[in-house]
Amino acid sequence: MSVNPDLQGRVFPPAPPYLVGREKVREFARATGSTSPLSLDVEAARAAGHGDLVAPPTFAVVVQEATLAQLLAEPDAGIDFSRVVHGEQRFSLSRPIVAGDELTATLTVTSVKTLGGNAMVTASSDMRDVEGRHVVTAVSTLVVRADDEAVA
């Protein structure tokens with residue numbers, strides 16, 4: 001089954017809100033090798049003018065995951081997860097994510113391209129706070145390798 005080109009332009013319903021926890025910020029910072037006191041020490045973050053711990057910029061991928069799960073579960077998408085390779089990841093932040101934020105993400109499929117039997121699906125997850133203000137947009141490109149029959 002090939003990727004459905006009609007996915008392009010599809011907007012999925014918002015994923016359930018994600019409450020950013022302090023320990024999640026610390027765990028993510030440690031896992032990514034960040035030693036920034038802004039991500040590990042509440043007092044350091046507050047002294048720098050933030051309300052709480054500041055998540056590393058790539059933390060947005062944690063929130064984005066729920067939106068990508070919607071795409072992968074879409075019955076007519078034609079995406080076989082066992083053939084997916086993460087091709088690219090970008091972030092565009094309006095402000096840092098801080099512990100205590102409650103973010104809601106909405107996914108839009110911005111592009112579906114086919115190259116040599118493989119498909120490249122680009123999806124943008126727009127994340128907003130409880131007041132509806134933009135916080136970050138995470139853009140992922142998934143490469144869906146052609147199935148063995150298409151390659152043969």
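Which elements each supply at least two residues of the lining of the second largest pocket?

Tutor: The model is predicted. The elements in question are α4 and β2 (84-93), each of which supplies at least two residues of the lining of the second largest pocket. The contribution of α4 is the greatest, at six residues. The pocket holds about 160 Å³ of space. Its lining includes Val61, Gln64, Glu65, Leu68, Ala69 and Leu72. Phe81, Val84, His86, Gln89 and Leu142 are also lining residues. By residue class, the lining has seven nonpolar members, three polar ones and one charged one.

Helix α1 spans residues 22-31, and its buried residues are Val25, Arg26, Phe28 and Ala29. These four lie on the same side of α1, because the arc they cover around the axis is only 165°. An α-helix has 3.6 residues a turn, so residues three or four places apart point the same way. Arg30 and Ala31 are exposed, and they sit on the face of α1 turned away from its buried side. After α1 comes Gly33, with a positive phi near 80°.

Note on methods:
Residues numbered from 1 in each chain as written. Predicted model: local features only at pLDDT ≥ 70, side-chain atom pairs only at ≥ 80, totals over all residues. Heavy atoms only, no water. Buried < 20%, exposed > 50% of the residue type's maximum accessible area, 1.4 Å probe, protein only. Arc of directions from axis to C-beta. 1 Å grid on protein atoms, 1.4 Å probe; cavity = no way out; pocket = protein on both sides within 12 Å on 5 of 7 lines; lining within 4 Å. Points joined across faces, edges and corners; volume = space filled by probe spheres on them. Nonpolar A, V, L, I, M, F, W, Y, C, P; charged D, E, K, R; others polar.
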